Amino acid sequence: MARAVTLIRSDRLSDVAEYAYAATAPAEARLIFLAGACPLNEDGSTAAVGDYAGQAAKAIENMRAALSAAGASIGDVINTRVLVASTRREDLVTAWQVVRDAFADHDVPSTLMGVTVLGYQDQLVEIEAVAAVLDS
């Protein structure tokens with residue numbers, strides 16, 4: 001199946017970042033805007049309390065489920081925003097590494113942000129995403 005997302009790179013920008021700096025989708029692509037994927041279990045409880053990596057992994061799992069329900073996969077994601085409830089760079093990097101590993105070679109443009117608090121009890125990580133698909 002053809003992918004709608006094209007990742008854009010520039011030799012004028014640092015290659016230190018572990019993601020493409022831009023991405024495009026053709027006009028005929030269907031865009032999918034996901035709510036922030038949270039580290040919630042099916043019963044609504046927060047998974048992996050106190051564990052940034054564990055919560056990032058659960059958020060990725062939930063994001064994959066939402067993408068699947070919309071007829072997409074992680075390879076169709078065009079952009080992410082990773083929110084981490086911490087002021088410590090180490091905590092942000094811990095969550096980011098899980099997200100980065102989940103995306104592998106599909107290193108979409110991303111923003112990693114430390115925030116003061118997230119919406120659910122004991123929540124440390126949330127991942128927003130936009131995807132683009134070509135329906136046949």
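In this predicted model, Asp 107 and Arg 9 meet through their side chains in a salt bridge, with 2.6 Å from N to O. Asp 107 sits in the loop between α2 and β5 (110-115), and Arg 9 in the loop between β1 (6-8) and β2 (22-24), so the bridge ties together parts 98 residues apart in sequence. Is Asp 107 buried or exposed? Asp 107 counts as buried, because its relative accessibility is 12% and the cut-off for buried is under 20%. Arg 9 is exposed, at 52%.

The whole structure holds six salt bridges. Three of them are listed here, including the one above.

| Salt bridge | N to O distance |
|---|---|
| Asp 107 and Arg 9 | 2.6 Å |
| Arg 30 and Asp 135 | 2.7 Å |
| Arg 81 and Glu 128 | 2.6 Å |

Arg 30 belongs to strand β3 and Asp 135 to the segment after β6, 105 residues apart. Arg 30 is partly exposed at 32%, whereas Asp 135 is exposed at 51%. Arg 81 lies in strand β4 and Glu 128 in strand β6, 47 residues apart. Both are partly exposed: Arg 81 at 35%, Glu 128 at 27%.

Now the helices. The axes of α1 (residues 52-69) and α2 (residues 89-103) come within 8 Å and cross at roughly 35°. The crossing is right-handed. Among the contact residues are Ile 60 and Met 63 of α1, and Val 98 and Val 99 of α2. The contact has 11 nonpolar residues, one polar and two charged.

The largest nonpolar core has 26 residues. Met 63, Leu 67 and Val 99 are among those with the most contacts inside it. Helix α1 gives the most to this core, six residues.

Notes
Residues numbered from 1 in each chain as written. Predicted model: local features only at pLDDT ≥ 70, side-chain atom pairs only at ≥ 80, totals over all residues. Heavy atoms only, no water. Axes fitted to C-alpha atoms, helices over the stretch in contact; angles between N-to-C directions. Helix = DSSP H or I, 4+ residues; strand = E, 2+ residues; numbered from the N terminus. Left-handed = near helix turned anticlockwise from the far one by under 90°. Contact = heavy atoms within 4.5 Å. Nonpolar A, V, L, I, M, F, W, Y, C, P; charged D, E, K, R; others polar. Core = buried A, V, L, I, M, F, W, Y, C linked by side-chain atoms within 4.5 Å. Buried < 20%, exposed > 50% of the residue type's maximum accessible area, 1.4 Å probe, protein only. Salt bridge = Lys/Arg side-chain N within 4 Å of Asp/Glu carboxyl O.
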